[in-house]
Amino acid sequence: MFTSLFLTIGLIHLVALASPGPDFALILRTSLHRPTALGAALGIALAILLHATLSLTGISLLIAEHHWLFMVVKMVGALYLGWLGWGALMAAWQGAGEQAFKAGGERAGWRKGVQSGLATNLLNPKALLFFMGLLAAMVTPQVDGLTRGLLVLELFLLSLFWFGALAWSLSTVRAQRLLGRVQRPLNLVTGLLFGAVSLSILGGMLGELSRAFS
């Protein structure tokens, strides 16, 4: 009965996953260490699992409706993404390889990767709005609890497969040789990407405050 719903949401989610963003940039940044990159992939997928669960249970809507709470979420997310961007820019300044990885504030290890992936996606307010808008628009009240649970599982598995495959392929010897030649500009681009997202969130917040006080 809900086959078209699964296919439509899955396709939209895959398109969103393939679009460059903070999650993709994090996998690139951690690809120097395969366990860290795979951990980051799992962390991102877990964050998406949580986003989808919160959206389907209405908790995300409650957060968005409480303006002060949503502003706090935005502020924390913007500062965290800005910190990641600054670390990537410092890595570009320091150079490529292990030294640049440490200069960027990254630590090797599966657990560290999971923590970074969770924080990067979970603290991105744009991810919260995306899932809230997607699921609220397509999942009607007629959709039963089991189907909702399967939708959450679908989003989690698609995310895990995509970012896991990306982390694995980018951490191969051949890929590392290629990335090693462009490590500094790559860090520069990822740093600018994180910074642009952070500034766009902060700019939106300033716009909301100016309208509130005008």
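Visitor: How much of residues 116–137 is helix, and how far apart are the end C-alpha atoms?
Guide: That stretch is 91% helix and 0% strand, with its end C-alpha atoms 30 Å apart. Helices here are DSSP runs (H or I, at least four residues) and strands are E runs of at least two, numbered from the N terminus. By the way, this is a predicted model, where local features need pLDDT of at least 70, side-chain atom pairs count only at pLDDT 80 or more, and totals for chains, interfaces and linings use all residues. Residues are numbered from 1 along each chain as its sequence is written, and side-chain values use heavy atoms, leaving out hydrogens and water.

Visitor: Where does UniProt put "transmembrane region"?
Guide: The unreviewed UniProt entry lists several, including 116–137 and 188–207. Such annotations may be inferred rather than shown by experiment.

Visitor: New topic: at what angle do H3 and H7 cross?
Guide: Roughly 35°, with the axes of H3 (residues 34–56) and H7 (residues 110–122) coming within 6 Å. Axes are lines fitted to C-alpha atoms, for helices over the stretch in contact, and angles run from 0 to 180 degrees between N-to-C directions.

Visitor: Which residues make the contact?
Guide: Among them are Gly39, Gly43 and Leu46 of H3, plus Gly113 and Gly117 of H7. Contact means heavy atoms within 4.5 Å.

Visitor: How many of those are charged?
Guide: None; the contact divides into 12 nonpolar and 7 polar residues. Asp, Glu, Lys and Arg count as charged, Ala, Val, Leu, Ile, Met, Phe, Trp, Tyr, Cys and Pro as nonpolar, and the others, Gly among them, as polar.
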